[in-house]
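I set out to record, entry by entry, what I looked up in this structure. The notes follow the order in which I consulted the model.

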Amino acid sequence: MGTVEPCSFSAAKIIYNLPFNDLLFRAHSAHRAHFDPNAVQMSRLLSIKTGGCAEDCGYCSQSAHYPTGLKASKLMEVDRVVSEAQKAKDGGATRYCMGAAWRSPKDRDMETIIAMVRGVKALGMETCMTLGMLSPAQSAALADAGLDYYNHNIDTSERFYSEIITTRTFADRLETLSNVRDAGIKVCAGGILGMGETADDRISMLVTLANLPYPPESVPINMLIPIPGSKLADAAPVDPVDFVRTIALARILMPRSHVRLSAGRTEMSDEMQALCFFAGANSIFVGETLLTAENPGEDHDTTLFRRLGLKPMELEPHA
Ligand code: SAM
Ligand code: DTB
Ligand code: SF4
């Protein structure tokens, strides 16, 4: 993995504001230089511990601070997680992402979490977890269990962060990303569009990610799924053209990373998704549910892939 040249905010803003055709041409050229442009990586999510979260993230169905009506549940049993992962593998997913509604994992839960990583890995899938903030010791324990990826989003710009979340800081997020990276786990970090942020906030978020000591291997770009009862229930939808511009900028600033077209695909037309794939998105979540919200099901995605001539990206054989 090579480091890339640092990119300034002003240089990124010039790219973001290029005429749309020039921006797309540049992004697609970067995409082709590093990836098969017709291969899309497929991940499947599972909520292993749902709801009742102590954090006040304004977009989330799982925060205990907002009356979203979601029923909280305890940490799932390991066997159930592994059997769900097997179903995901049978459906074509190569990576299994397990999410918990925690501020950070309790030490007493680590043994169960580690057993989940081992069990899912034994199926021959890549593993990913998203459990909130991690200490250096927790990161090392997960690395030791063989965890491939850790998802921890910075969500938006440093400037806008405190308008969305007050129970932790942008610096806390960066600290976990550094702990995960130091432990040798691959990093998945991105954000959400459609929370009332400006174009500058989106650009700044991507510049922060691209300028990490190593850019994240995986960059999920979520479109807000407005959750009734949450602080952002009535947020104005993102302009689809601006969404595609953001995907294109992510591809240009992080040419070797997988850019994931994440939450919000149920509200995107096939044509919008096609533009995102052209602009450099090359990963999606498959299956009917994300963590708690809806996602296009297998039937829709199979048809979409057929219409666009896309194919699932195969797992690289391990050395
Ligand atoms: N609790 C952990 C944490 O916050 O780090 C992990 C789970 S959390 C649900 C994972 C990510 O999902 C968030 O950082 C956010 O980017 C995304 N997300 C959550 N709710 C969303 C929504 N309604 N629409 C779009 N993305 C959302
Ligand atoms: C990410 O960036 N998006 C995923 C994953 N990382 C964990 C989560 C999307 C959650 C969408 C809302 C829900 O399902 O509750
Ligand atoms: Fe909790 Fe994560 Fe939802 Fe924030 S995004 S409320 S930390 S589950």
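In which helix is His 31 found? I located His 31 in helix α2, which covers residues 20-34. I noted at the outset that the model is a predicted one.

**Entry on His 31.** I next listed what His 31 touches, setting aside residues up to four places away in sequence. The list consists of Asp 36, Pro 37, Arg 251, Phe 277, Phe 278, Gly 280, Ala 281 and Asn 282.

**Entry on ligand 3.** Which residues surround ligand 3? I found Cys 53, Glu 55, Cys 57, Tyr 59, Cys 60, Ser 63, Ala 101, Trp 102 and Arg 168 around the ligand.

**Entry on Cys 60.** I returned to one of the residues around ligand 3, namely Cys 60. Cys 60 is placed in the loop that runs between β1 (39-49) and α3 (78-90). With neighbours within four places in sequence left aside, I recorded contacts of Cys 60 with Thr 68, Ile 227 and Ser 230. I also checked Ile 225, which is 165 residues from Cys 60 in sequence; the C-alpha atoms of the two are 8.8 Å apart in space.

**Entry on ligand 2.** How many residues surround ligand 2? I recorded 13, of which the closest are Asn 153, Asn 222, Leu 291, Thr 292 and Ala 293. I then looked up individual polar atom pairs. For Asn 222, a polar side-chain atom is 2.8 Å from an oxygen atom of ligand 2. For Leu 291, a polar backbone atom lies 2.9 Å from an oxygen atom of the ligand. For Asn 151, an N or O atom of the side chain is 3.3 Å from a nitrogen atom of ligand 2.

**Entry on Glu 217.** Where is Glu 217 found? I placed Glu 217 in the loop between α8 (199-210) and β7 (218-223). Its relative accessibility is 15%, and therefore Glu 217 counts as buried. I compared its position with that of Val 187, 30 residues away along the chain, and noted a C-alpha separation of 5.6 Å. A polar atom of the Glu 217 side chain lies 2.9 Å from the backbone nitrogen of Val 187.

Conventions
Residues are numbered from 1 along each chain as its sequence is written. Chains are lettered from A and ligands numbered from 1 in the order in which they are written. This is a predicted model: local features need pLDDT of at least 70, side-chain atom pairs count only at pLDDT 80 or more; totals for chains, interfaces and linings use all residues. Side-chain values use heavy atoms; hydrogens and water are left out. A residue is near a molecule or strand if one of its heavy atoms lies within 4 Å of it. Helices (H or I, at least four residues) and strands (E, at least two) are DSSP runs, numbered from the N terminus. Contact means heavy atoms within 4.5 Å. A polar contact is a pair of N or O atoms within 3.5 Å; within protein, one must be able to donate a hydrogen and the other to accept it, and residues adjacent in sequence count only if both atoms are side-chain atoms. Buried means under 20% relative accessible area, exposed over 50%, partly exposed in between (1.4 Å probe, protein chains only).
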